[in-house]
Amino acid sequence: MRRILMRQMKDNQSGTIVNIKANGELGRRIRDMGLVPGTPIKIQGRAPLYDPVALKVLNFTLTLRNREADFIVVEVDE
Amino acid sequence: MSKTPVIALAGNPNSGKTTLFNSLTGARQHVGNYPGVTVEKKEGIYSADGVRIRIVDLPGTYSLTAYSLEEVVTRDFVVNEKPDLVIDIVDASNLERNLYLAVQFLELGAPLCIALNMVDVAEARGIEIDMDRLSRHLGVPVVPTVARTGRGKRALMETAVKAMAHKGQAPLRISYGDDLDGAISEMEKEILKNAFLTQTYPPRWIALKYLENDQQILSKGRAAHPEVSKHLEQQVRKVSDHLMATTGNAPEALIADQRYGYIYSILKQGVVVHKKARDRLYHSDRIDKVLTHRVVGPLVMVLVIFGLYHFTFTYSKTPIAWVEYLFAWIQDMVQAFMPEGMLKSLVISGVIDGVGGVLSFVPLLLMMFFGIAVLEDSGYLARIAFMLDRVFSLFGLHGSSVMAYIVSGGIAGGCAVPGVMATRTLRSPKERLATLLTAPFMNCGAKLPVFALLIAAFFKENESVFMFAITLVAWAGALLVAKLLRVTVIRGAPTPFVMELPPYRWPMLKGLLIHTWERTWQYIKKAGTVILAISILLWAMMSFPRLPEDRGTSPGFEKKAASTSEPLPFQEDPSPSGQALPEARRAQRALRHSIAGRIGVALEGISRLAGFDWRVNIALIGGFAAKEVVVSTLGTAYSLGETDVQDSTPLSEKLAESPGWRPLTALSLLIFTMFYAPCFITVISISREAGSWKWGAFSILFNTTFAFLLAAALFQIGSWLGY
Ligand SMILES: Nc1nc2c(ncn2[C@@H]2O[C@H](COP(=O)(O)OP(=O)(O)OP(=O)(O)O)[C@@H](O)[C@H]2O)c(=O)[nH]1
Ligand SMILES: [Mg+2]
């Protein structure tokens, strides 16, 4: 088990959210979408220019920019 | 007499609110498969079995904070209008996230009923939901529905009518953990003791909003009870400092976590069973593997956009021609049967040209909106935004901005009116405003005749290079100005791009048609009235005052002098041009004598800086009606008689020979035409979409200044370099 930022995750890699380091509007929008500690996620892919990133959360696909993914700490298996 | 009960439809974006609304009320409504399309509140009447209920479609929201307009609208409606019932449309295939909103309605104490929608999708995905259990845990009725087919609609309304009868359920109380619960109950006591906002909101909810740092509630609280508010804020600061020190997060983070925790604890008690592996790929994901693929994705996108463009602009040509024939025919009738005089000139040049101009856009708009509706409802538009966001975010815009740019003429030949209206699919307010203000810089179909004229006159050898360069200059200009606006008048951090990619769905024809027609009708209604007024005004400016020798005589040529307001070229009668008829000379003098002419002459002092004489100035004033009018007005100003917009060869020869003209002048005029004030139909659309006439005025003033600075700089530097 290792903790990394969401930006560093590879395509198709799975993990579990550990922490959202943002407060205010950004933190709010991220959490509203169900990204709270304990939620499993999986990176689905990235846009052709490597930003934004698309991930599977619960049953839907969410996209966010890398600068936003930098606030999300994820625990991944090696 | 009791008044008609009200039911509000709320729910996450894309959960099917509008579809259900349409099916309940039969009203025309906007349905989109793109998160957050419905921004306005829409109403309709449901009547069946002797009950009449007012139904309100609220904007889609994920939460009830005060961060976005949609959320404030929804919350205020529920709190202030106190609907008899809120039906929360919950997407059964995304239960966890959708219940997050439901829980917040319960905490607010809203009378709630849950429509568990999209059960068909949930079934297909192997998600089984025990409705009775869910209903018992939440304490509200839950009814399964499929809004798309109308399944469950009757049962839902029967349950809703029953639920309305016994209202007044106590607000839900969730435990937020030891750290927060203590603070919350202390704050609650204080709120109750002082009757602090309790007329409107439940006390515990107020405490929560203080902890969440909710700006709307904070400012209401400060206004109502400054002392109490101050004390509450102190308490919040204490808890907040403690939490920040121990967990590194603000109270609002913990609150969100606990809300989700509450939802998971309910779902775990046998409410949901997943019969298929959860991380399995859905159809949508498979399609995305191709359509958002690094290489294939952009290729397909280019094809799709090009296809949309081709479809719209090719197939709308014929119906546009019909509309134009119709108006040309009406014009001929008036020409033949009305007595000569100013009134005739007004009817022909002011009224018929103006209204004809508006209506000749309609076929184009219908096609364009239909195409966009397909992209939106199928879910593909969200993918376009996803793929292009990187580029657009550099300039302070959003991936979805691309649609507006392209429709406006990002591929030369579009139209800014549907372009500006296409910005509705943007959810971020600042990005949206910047997009709609810069989209008119693109080279719409009406600017092309002007460019063609100038290029033919001065740059004939490099025609295709010039056309391509013009497109690049327009894009560069639009993006750079967008950036400029985003660091000045529309300043502000980028709206977080936390966007859902909705699953691909087959669009429903009914939804598409409703959607298309609504948008087009809005255009006809609003644009029609104002445009008539403005085109009459422009006509008057170019016709009055009349030449002294014409007063009292029949101004038969007036039509030519002021044949202006034609957003799309009417078929002109093949008039012999090129020969300087005495009548054409008179038209020129009459034009110079008019208000527009006088303005043109008066502005010469300044406009010389960019190389424009009074003739060009008048033409540019006329271009405010529609850009291609620049060509016909130049024709009159150079006393060539009527100039066909489609074939301006005589005019371009004339310009090339004129002593005042050289390639640099043409280049300067080209740049100016590209960037100056949008035509007034666009200005009206901008004002409406931006929600204020100020932005319409801004686009006139700012764009003209900007264009003039560019043109003048080009002309001055060019002249200095000896061109
Ligand atoms: N399969 C299925 N599709 C549905 C159902 N209800 C709605 N849809 C589709 O879901 C999409 C979104 O529906 P809308 O009614 O526009 O959703 P909305 O909640 O109004 O969305 P916003 O206005 O964006 O907040 C459309 O393509 C509908 O056809 C359903 O019960 N089953
Ligand atoms: Mg809707």
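Predicted model: local features only at pLDDT ≥ 70, side-chain atom pairs only at ≥ 80, totals over all residues.
Residues are numbered from 1 along each chain as its sequence is written, chains are lettered from A and ligands numbered from 1 in the order in which they are written, and side-chain values use heavy atoms, with hydrogens and water left out.

Back to the two chains. Arg294(B), Phe386(B) and Val498(B) supply 18% of what chain B buries against chain A, more than any other three residues. The interface also holds five salt bridges, each a side-chain nitrogen of Lys or Arg within 4 Å of a carboxyl oxygen of Asp or Glu. Look for Asp389(B) and Arg65(A), whose side chains meet in a salt bridge at 2.6 Å, N to O.

On the chain A side, stop at Thr39(A), which sits in the loop between helix H1 (24-32) and strand E3 (40-46) of chain A; helices (H or I, at least four residues) and strands (E, at least two) are DSSP runs, numbered from the N terminus. Thr39(A) counts as buried because its relative accessibility is 1%, and buried means under 20% relative accessible area (1.4 Å probe, protein chains only). Leaving aside residues up to four places away in sequence, Thr39(A) touches several residues, including Val57(A), Leu58(A) and, from the other chain, Tyr264(B). Its side chain also reaches the backbone oxygen of Gly34(A) at 3.0 Å.

Now for chain B itself. An automatic or database domain assignment sets the bounds, and domain 1 covers 6-165 while domain 2 covers 178-274. Their C-alpha centres lie 26 Å apart, and 27 residues of domain 1 of chain B are in contact with 24 of domain 2 of chain B. These two domains bury about 2,300 Å² between them, 59% of it on carbon and sulfur atoms. Glu96(B), Tyr100(B) and His137(B) supply 25% of the area on the domain 1 side, more than any other three residues. The rule finds two salt bridges across this interface, and Glu107(B) pairs with Arg259(B) in a salt bridge with the closest N and O atoms 2.8 Å apart.

Methods:
Contact = heavy atoms within 4.5 Å. Buried area = accessible area lost by both parts, 1.4 Å probe. Buried < 20%, exposed > 50% of the residue type's maximum accessible area, 1.4 Å probe, protein only. Polar contact = N/O pair within 3.5 Å; in protein donor to acceptor, adjacent residues only side chain to side chain.
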